[in-house]
Amino acid sequence: MAEPLPLCYLNGAYLPLAEARISPLDRGFLYADAVYEVLPVYAGRPFRFAAHSERLARSLAGIGMEDPHSRAEWRAILATLIERNGGGDQYVYWQVTRGAQLGRTHAPLPHIPRTVFAFCAPLPPTSADTLEKGVSCVTAADTRWARCDIKSTALLANVLLRQLSVQAAATETILLRDGELTEASASAVHVVLGGEVLMPPYSRRILPGTTRGALEEMAARAAIQWRVVPITEAQLRGADEVWISAATREVQAVTSIDGHAVGTGKPGPLWRRVYDELQRHKQELAGTAW
């Protein structure tokens, strides 16, 4: 991943990222008492801002916090940050913590100033090699906490699961719980069987994916059938195609799982149609209001 861009936002100020400081007593630092979002930006235009801001509000509600900003305020904050970092293709990370309080106690004070932080980084392009050959993944038991629908900064389990794929020289770790697919360590997972795209139903075990929502729309545009249904481990391993999607990776074809080929071992035709439709959609949005 490329280094972050030079300017960040912290509690109402735009300043060099290297100069940003928060209290060591911040509950985000001590308890991971915080939520976050990652927003892709194409040619200076945020992609699906409304969906990301709505998910942030849901995550905050899930941990008993009000959103410190209206959608219009978030729009102004992020637009300024993107512009001051040069626009173009980048992504914005932004988070809200419960704030800093004197002393350490699990029970938070009800009214302390929230910490609001955001920074930008170059959006990594999908390489030609990935488009041609796809990516490899490994599987593991889903050992994360019981509220994966909250986009919390408490990501230690995700970090450890992602490390499994690093050790295997793979791209992602696909997660299984009670014999069914949930998602991956930092991606949604899509399974193609019999010409139909299958996705697991949302629950507390799965983060509602904004990129997944975009791909559902792209599949519909490409006249591809898709369905939300529980997916067994056997269906995952016997799939014609498997994809992973996320804000910073768009949609990538998985061509190997645990060392075994998926389908033909090459990116499949339905993935290509959805990928191409997404690129057309991005071009359509260029220059439009967000």
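Q: Which side chains does Asp 33 meet in a salt bridge, and how should I read such a pair?
A: The general idea is that side chains of opposite charge can pair when their charged atoms come close. In this predicted model, the side chains of Asp 33 and Arg 98 meet in a salt bridge, with 2.7 Å from N to O. Asp 33 sits in the loop between α1 (27–31) and β3 (34–42), while Arg 98 sits in the loop between β5 (90–97) and β6 (115–122), so the pair ties together parts that are 65 residues apart in sequence.

Q: Is Asp 33 buried or exposed, and what about Arg 98?
A: Asp 33 counts as buried because its relative accessibility is 10%, under the 20% cut-off, and Arg 98 is buried too, with a relative accessible area of 9%.

Q: Which residue forms a salt bridge with Arg 221?
A: The partner is Glu 277, and the closest N and O atoms of the two are 2.9 Å apart. This pair links distant parts of the chain, for Arg 221 belongs to helix α6 (residues 210–221) and Glu 277 to helix α8 (residues 269–285), 56 residues apart. Arg 221 is partly exposed, at 36% relative accessible area, whereas Glu 277 is buried, at 10%.

Q: What does Glu 250 pair with?
A: Glu 250 forms a salt bridge with Lys 282, where the closest N and O atoms are 2.5 Å apart. Because Glu 250 lies in strand β14 (residues 250–257) and Lys 282 in helix α8, the pair ties together parts that are 32 residues apart in sequence.

Q: How many salt bridges does a search of the whole structure find?
A: The search finds 20 salt bridges, and Asp 142, Arg 144, Arg 177 and Glu 183 are linked in a network of them.

Methods
Residues are numbered from 1 along each chain as its sequence is written. This is a predicted model: local features need pLDDT of at least 70, side-chain atom pairs count only at pLDDT 80 or more; totals for chains, interfaces and linings use all residues. Side-chain values use heavy atoms; hydrogens and water are left out. A salt bridge is a side-chain nitrogen of Lys or Arg within 4 Å of a carboxyl oxygen of Asp or Glu. Helices (H or I, at least four residues) and strands (E, at least two) are DSSP runs, numbered from the N terminus. Buried means under 20% relative accessible area, exposed over 50%, partly exposed in between (1.4 Å probe, protein chains only).
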